[in-house]
Amino acid sequence: MFRFLNLTLNGVTNGMIYAAVALALVMIWRATRIVNFAQGGMLMFTTFIAWDLAQVHHTSYWLALVVAVAAGIVIGGLAERLLVRPVENGPPLNAVIVTLGLLIFLQALAGMIWGNSQAHSYPPAFRFIGYKVGDHTLRFSPNDLFIVISVLAVVIALYLLFQRTSLGLQMRASAFNPEVARLLGVRVGRLLTLGWALAAGLGAMVGVLVAGTSSGYVTPVGPFDALLVYGFTAAVIGGLESPGGAVVGGVVLGLILSYADSYISNFIQTMYAFVVLIAVLMIRPNGLFSRTSERRV
Amino acid sequence: MLKVEDVVTTYGAVRALDGVSVTVEPGTITAVLGANGAGKTTLLRTINGLVRPREGRISYEDRDLLRTHVDEVVRMGIAHVPEGRGVITELTVDENLRLGALWRSNRSELQQSLTEMYELFPPLAERRNKPADTLSGGERQMLAIARALMSRPRLLLLDEPSLGLAPRITGQIMATLRRLRDEQSLTVVLVEQNARSALSVSDQAIVLNLGRVVVSGPAGDLAADEKLRHAYLGF
């Protein structure tokens, strides 16, 4: 029973991270109908920037986090403006290839600057030893609590932005129907750039949060790619279309992986994600929360 | 108010508009009639800058529309109700309406316009917080028109408002247009295939055929000319 509780807590913490990556993917998907395969590379790169500040230049954790998020916003905005915009009207595959190219470019660039051979560690924001209940130590630490609260806060802030502000309404209109939005005076191009920037900023935050959860996380290729797989799976569980679905999908996936890891075997964690991904695509290809399943022609 | 001169718009080798000229006086309704593919929709899209013409001039209140970006056009007082699926079905009725008044920052004016629209189109008021995809065809058309009116336009470009609607609903929409012209001196360019109902509310009309203006004149004269009606208007 205690083991189950621990696995659940661990699953929720990881799930919040997957949820945030999924949310970043969903925001970009909704805005420009592109699965941003560079998301993992973008947040890897911004995490390296934070690592450089915090570990090499010994700035505070918080300054490094803020700089990473700012860098994410800039990289996301530039990626949309300079790379995605020119292929906007081409076949969808072009944009996918462009994001793959950006991923490889960022991985190579990070390798050139910070080196490929060594996996770096990143300090957690708070203590990573779990809370104690009686004699037991929970697998839930102050740092985990910080992760859950941070992601929840950002999710709520984004929800309010999209649902309650004129800017959010314009962003949704641009995503759903760019031509009509343009007719109504919405400056669609700027809002798509903003959508990418916000998504990448969210990704950058997740990168820094996740880097502090285990040692040797910060490396150009590897852990961040797996993170993209988890985030993508969570987004697909939620239907790729729904921000709420992405969050629920993230937590569901976090729980499944946590249980499977412990009750089955911990050698093949990434594979469980693929199993879930394939199962969802076979059984409910539109996700658990999609509203577009009955799209009319 | 609106002056279109010798406009040529092409899609590849197709000359969708082949030298179209029309002048629209303030406070009038101008019907643009013709068969499918005559260039009616292209004319509206060229006026508000969704497509750029190869030749010709378009001016609105003495300003050059050809050098105005699409999203600026609405700020100049021109609202466009596109053909068919003009409403954003994923958004609620209320959100669609708010989008119409985006660039008006005054909150109380916005509320006032919302109230006016719900009075003008009561079916919308009942569903203000429902997604627009729950609306019927007629209600969607009302929503598209109401959303255009939210920007307090001086010129309204309407593309086939009667498309797919029951005659009774079409009649209501035409009556609303007449009222807006009479009470608020709104200027309307009305693209229609349904020539009979369009002519019944219009002041002047032009008939397009294969991208050219084949007839133009006062709406009453066109409606009275039997030969013309048979040749181009189908009634």
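Biologist: What should the 15 residues of helix H11 (residues 269–283) of chain A span at 1.5 Å a residue?

Modeller: This is a predicted model, and the check is one of simple geometry. At 1.5 Å a residue, H11(A) should span 21 Å, and because its end C-alpha atoms are 22 Å apart, the two values agree.

Biologist: Which residues of H11(A) are buried, and which exposed residues does the face turned away from them carry?

Modeller: The buried ones are Tyr272(A), Ala273(A), Val276(A) and Val280(A); seen down the helix axis they fall within an arc of 100°, so they line one face of H11(A). They pack against helix H9 (223–237) and helix H10 (243–263) of chain A, whereas the face turned away from the buried side carries the exposed Met271(A), Phe274(A), Ile278(A) and Met282(A).

Biologist: How should I read strand E6 (residues 78–81) of chain B?

Modeller: In a regular strand the side chains alternate between the two faces of the sheet. In E6(B) both faces are covered, with Ile78(B) and His80(B) buried on one side and Ala79(B) and Val81(B) buried on the other. Four bridges join E6(B) to strand E7 (residues 155–159) of chain B, and the two run parallel; within E7(B), Leu158(B) is the bridge partner of Val81(B).

Biologist: How many residues does each chain give to the contact?

Modeller: Chain B gives 16 residues and chain A gives 14. On the side of chain B that touches chain A, H3(B) supplies the largest share, four residues, and by class that side has eight nonpolar, three polar and five charged residues.

Technical notes:
Residues numbered from 1 in each chain as written. Chains lettered and ligands numbered in written order. Predicted model: local features only at pLDDT ≥ 70, side-chain atom pairs only at ≥ 80, totals over all residues. Contact = placed C-beta atoms within 7 Å. Nonpolar A, V, L, I, M, F, W, Y, C, P; charged D, E, K, R; others polar. Expected span 1.5 Å × (residues − 1). Buried ≥ 20, exposed ≤ 12 C-beta atoms within 10 Å, placed from the backbone. Arc of directions from axis to C-beta. Pairing = 2+ DSSP bridges.
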